[in-house]
Amino acid sequence: MDEGNGCCFSILASKFTVTFVTISLTLILIRVLYVIYRSGKPLFRSKAPRALRTLIVLGSGGHTAEMLNLLSVLQKERFSPRFYVAAATDNMSLQKARTLETSLADETGVKVEETAQFMQIYRSREVGQSYLTSVWTTLIATAHALWIMFKIRPQVILCNGPGTCFPLCAIAFFFKVVGIRWSSIFYVESIARVRRLSLSGLLLYKLQIADQFFVQWPQLQGQYPRAHYVGCLM
Amino acid sequence: MGDTEDGVKPKRTVFVTVGTTSFDALVRAVDTQEVKDELLKREYTHLIIQMGRGSYTPTKSGGEDGSLAVDFFTFSSSIADHLRSASLVISHAGSGSIFETLRLCRPLIVVVNEDLMDNHQSELAEELAERKHLYCARPQTLNQTIASMNLESLLPYHPGDASPVAKLINTFLGFPDD
């Protein structure tokens with residue numbers, strides 16, 4: 001009898017576990033689908049927001065020039081404070097961003113430290129690194145990216161294609177799902193991409209992580225109808 | 001033709017730039033006699049090469065007895081000055097160099113690096129070549145491009161504008177138009 005009871009109990013317990021797991025997974029799936037559904041939609045606010053915490057992901061030479069071109073036409077008081085992130089191996093990009101912020105500070109009289117911060121992020125894999133060691137470096141890079149994103153908790157993310165932007169956007173999406181922070185992710189595919197998207201662009205488009213996806217050549221918009229064609233930024 | 005009154009040829013510089021990395025195939029190509037001969041035929045007098053991290057060192061020349069004067073350096077903070085004083089720019093296919101040159105309205109030949117693994121760089125150069133803003137070549141076809149190019153047929157590039165993107169972003173976030 002005892003054995004029978006134990007057996008019944010374990011069957012009950014396993015049934016309960018299965019049900020619990022199924023329900024949890026369903027709820028997570030519903031939440032993810034809701035976030036994807038909600039992501040592409042404009043934010044209707046009863047009152048226009050005053051200022052939004054903005055993360056700007058910089059890449060090497062060409063990428064950074066395009067991003068700074070975009071920043072030059074955005075109203076800075078709306079996108080403030082600004083957090084600039086670049087790969088730890090890239091010293092030039094943050095330097096250029098600092099120059100832009102310094103000239104802005106000279107115009108407005110507000111100190112750079114109050115409106116902008118500059119951060120470096122580890123890359124998961126350097127060019128030519130072996131796959132074995134990159135498992136370890138990827139883990140480190142992911143932990144570091146999570147830490148940085150938790151500190152910034154951006155409301156707006158602007159990126160245009162360096163490899164570092166995918167993990168950051170994926171973390172932002174995770175924050176949306178678990179409710180840490182809702183953010184709007186804007187991705188501008190680099191001007192260098194005429195016929196094919198970059199890997200970062202393709203992932204953000206296909207996984208619907210980017211709220212708005214911009215391309216600079218009409219050929220790409222033909223292939224990716226959800227993208228907005230905006231002409232050349234350079 | 002093209003000579004000044006005192007019989008000295010006017011200085012016409014060709015500036016070659018490989019950007020922040022290395023592109024030995026391009027440096028080697030401009031250092032060949034074929035390319036130098038074509039440049040001389042086109043009445044260029046000086047060749048300045050920014051060779052980056054490349055390992056191939058071109059041969060310097062003072063430009064005596066009517067040959068092309070050749071000089072090179074690895075990196076410089078005044079690339080813009082070199083671009084501005086050039087009569088022709090031969091560049092790698094990076095978008096930074098391409099648009100900086102086009103903005104300064106200098107005739108441009110972009111040479112695509114075929115050794116790069118993910119060769120998306122040729123897309124931009126080919127598209128802009130189709131729109132007649134520049135010439136696009138490979139290291140081994142550079143001399144033919146110089147021989148056959150017609151710089152008068154190139155069209156000026158009108159710089160793009162980021163404000164359509166800014167407008168869409170503002171609308172999406174619920175900021176009013178202004």
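Across the interface of chain A and chain B, 10 residue pairs are in polar contact, both residues being at pLDDT 80 or more. A polar contact is a pair of N or O atoms within 3.5 Å; within protein, one must be able to donate a hydrogen and the other to accept it, and residues adjacent in sequence count only if both atoms are side-chain atoms. On the side of chain A that touches chain B, the elements that give two or more residues are helix H2 (61–73), strand S4 (156–159), strand S5 (184–188), strand S6 (212–215) and helix H8 (218–223) of chain A. H2(A) supplies the largest share, five residues. Helices (H or I, at least four residues) and strands (E, at least two) are DSSP runs, numbered from the N terminus. Sorted by class, this side of chain A has 23 nonpolar, nine polar and nine charged residues. Here Ala, Val, Leu, Ile, Met, Phe, Trp, Tyr, Cys and Pro count as nonpolar, Asp, Glu, Lys and Arg as charged, and the others, Gly among them, as polar.

This is a predicted model, in which local features need pLDDT of at least 70 and side-chain atom pairs count only at pLDDT 80 or more, while totals for chains, interfaces and linings use all residues. Residues are numbered from 1 along each chain as its sequence is written, chains are lettered from A in the order in which they are written, and side-chain values use heavy atoms, with hydrogens and water left out.

The contact (heavy atoms within 4.5 Å) takes 41 residues from chain A and 30 residues from chain B. Two salt bridges are counted between the chains, a salt bridge being a side-chain nitrogen of Lys or Arg within 4 Å of a carboxyl oxygen of Asp or Glu. One of them joins the side chains of Arg196(A) and Glu123(B), at 3.6 Å from N to O.

Within chain A, Glu189(A) is found in the loop between S5 and helix H7 (199–206). Glu189(A) counts as buried because its relative accessibility is 1%, where buried means under 20% relative accessible area (1.4 Å probe, protein chains only). Beyond its neighbours within four places in sequence, Glu189(A) is in contact with residues including Glu66(A), Leu197(A), Phe214(A) and Leu220(A). A polar atom of the Glu189(A) side chain lies 2.9 Å from the backbone nitrogen of Ser198(A).

In chain B, the buried residues of helix H7 (residues 163–173) are Val165(B), Ala166(B), Ile169(B), Asn170(B), Phe172(B) and Leu173(B). They cover an arc of only 160° around the axis, so they lie on the same side of H7(B); the arc is that of the directions from the helix axis to the C-beta atoms. Just after H7(B), Gly174(B) takes a positive phi of about 85°.

Notes:
Buried means under 20% relative accessible area, exposed over 50%, partly exposed in between (1.4 Å probe, protein chains only).
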